[in-house]
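Biologist: Can we go through this model together? Please give me the ground rules as we go.

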Amino acid sequence: MNQPVYIIDGARTPFLKSRNTPGPFAASDLATAAGSALLSRQRFAPDQLDEVILGCASPSPDEVNIGRVVALRMGCGLKVPGWTVMRNCASGMQALDSALINIQAGRSELVLAGGSDALSRAPLLLSDAMVRWLSGWYATKTVGQKVAALRRFKLGYLAPVIGIMKGLTDPIVGQLMGQTAENLAWKFGITREDMDEFAARSHQRVIAAQAAGHFDEIVPLIDRDGKVYAQDDGMRADSTAANLAKLRPFFDKRYGKVTAGNSSQITDGAAWLILASEAAVEKHGLEPIGKIADSQWAGLAPDQMGLGPVHAATPILQRHGLGLNDLDAWEINEAFAAQVIACLRAWNDDDYCRNELGLDGALGALDEARLNVDGGAVAQGHPVGASGARIVLHLLNVLRRNGGKRGIASICIGGGQGGAMLVEAL
């Protein structure tokens with residue numbers, strides 16, 4: 001990497017679980033609240049940013065370039081460009097990587113980058129049959145034509161298409177993301193008990209971290225009625241392995257093992273980081289808390305997408321001469337319990353490492369005491385656009401809290417990709 005890119009500060013909203021109804025905040029509300037709070041404590045004014053980059057997988061139709069909308073709402077001024085990136089689950093990490101590239105290229109010195117999504121507000125869509133009927137209806141001119149059109153109408157046309165289900169279905173292989181997790185469970189012999197124990201541990205770790213005050217990156221939210229949302233609300237103390245075992249498989253109801261309880265939750269949230277060049281640090285008298293030392297993207301089969309972290313993080317390890325346990329901490333986004341377990345087993349599998357990663361043999365067993373030490377998306381939720389930024393921010397906070405130096409944040413990506421970032425604490 002040409003020049004250091006420093007992390008100055010970061011903040012995120014609480015991650016709020018969808019309750020089968022539109023949540024209190026739009027994606028732009030979430031991003032504006034977290035970003036405004038973050039910028040208000042800096043030594044520079046918002047209009048001194050060079051650009052704002054926001055990852056979002058599901059912006060609302062009236063905020064398609066949500067990055068620009070939020071930049072203006074945060075008071076960055078008319079001259080600060082704001083733009084939006086989309087790489088499915090890694091959109092927030094892509095925003096960081098885009099900022100990294102622009103800083104290293106000399107096009108920017110000070111960038112606000114992150115991600116946001118309000119998945120509870122994913123749209124309900126009209127079916128193709130309903131759209132065709134409406135098209136014909138609007139073309140009618142006479143009473144007779146309207147009567148004929150009404151006779152052709154069927155109540156089934158009104159059945160909505162659930163937008164988030166379409167968004168979470170891979171168009172190449174025709175599988176929901178949860179079905180790709182089932183593929184990995186079969187491939188690596190992951191049992192239902194393995195998944196439920198992992199999921200229960202995620203809840204336990206998040207609850208313990210909340211009690212210990214380990215989520216100080218969170219900026220509380222206040223809705224229009226004055227209700228305060230101070231922390232993530234998806235974790236449950238009763239999510240024990242025994243209780244999770246009672247849930248039925250969701251994606252493969254007959255033979256499957258993946259349930260709503262051992263999968264990440266549908267969630268709303270936003271996360272931001274401020275990235276700066278060395279020149280910007282000196283210009284504004286900033287005090288970096290870390291830096292992004294490397295990043296990597298990888299592609300693999302869409303029906304194996306959950307192994308993306310293995311394919312993205314391994315090249316970083318190779319470039320820096322690191323083993324899995326040479327890192328002080330890891331964050332692997334918990335899209336599904338089966339998916340994270342599969343990543344751990346792939347690294348410890350000679351055949352997989354040789355045939356798929358081109359290595360001489362297995363990298364070994366990652367010490368799980370270093371992995372997602374404060375829990376993850378199974379308990380906290382996975383607002384698709386935000387998660388990639390959240391895990392980078394929290395990884396840095398874990399390193400600083402525990403006196404660690406280096407860590408990797410990695411994420412699987414719908415469509416068959418993986419992303420990873422090597423972060424160093426300062």
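Modeller: Buried means under 20% relative accessible area, exposed over 50%, and partly exposed in between, with a 1.4 Å probe and protein chains only. This is a predicted model: local features need pLDDT of at least 70, side-chain atom pairs count only at pLDDT 80 or more, and totals for chains, interfaces and linings use all residues. Residues are numbered from 1 along each chain as its sequence is written, and side-chain values use heavy atoms, without hydrogens and water.

Biologist: How many of the 12 residues of α11 are buried?

Modeller: Nine, so α11 is largely enclosed by the rest of the structure. Among them are Gly308, Pro309, His311 and Leu317. Helices (H or I, at least four residues) and strands (E, at least two) are DSSP runs, numbered from the N terminus.

Biologist: What do the buried residues of α11 pack against?

Modeller: Their partners include β11 (290-299), α12 (337-347) and β14 (417-425); contact means heavy atoms within 4.5 Å.

Biologist: And what follows α11?

Modeller: Gly321, with a positive phi near 65°.

Biologist: New topic. Is Thr267 buried or exposed?

Modeller: Thr267, which lies in strand β10, is buried, at a relative accessible area of 0%.

Biologist: Which backbone nitrogen does the side chain of Thr267 reach?

Modeller: That of His382, at 3.5 Å. A polar atom of the Thr267 side chain also lies 3.0 Å from the backbone oxygen of Gln265.

Biologist: Where is Phe250?

Modeller: Phe250 sits in the loop between α9 (241-244) and β10 (267-276). Phe250 is partly exposed, with a relative accessible area of 40%.

Terms used:
Polar contact = N/O pair within 3.5 Å; in protein donor to acceptor, adjacent residues only side chain to side chain.
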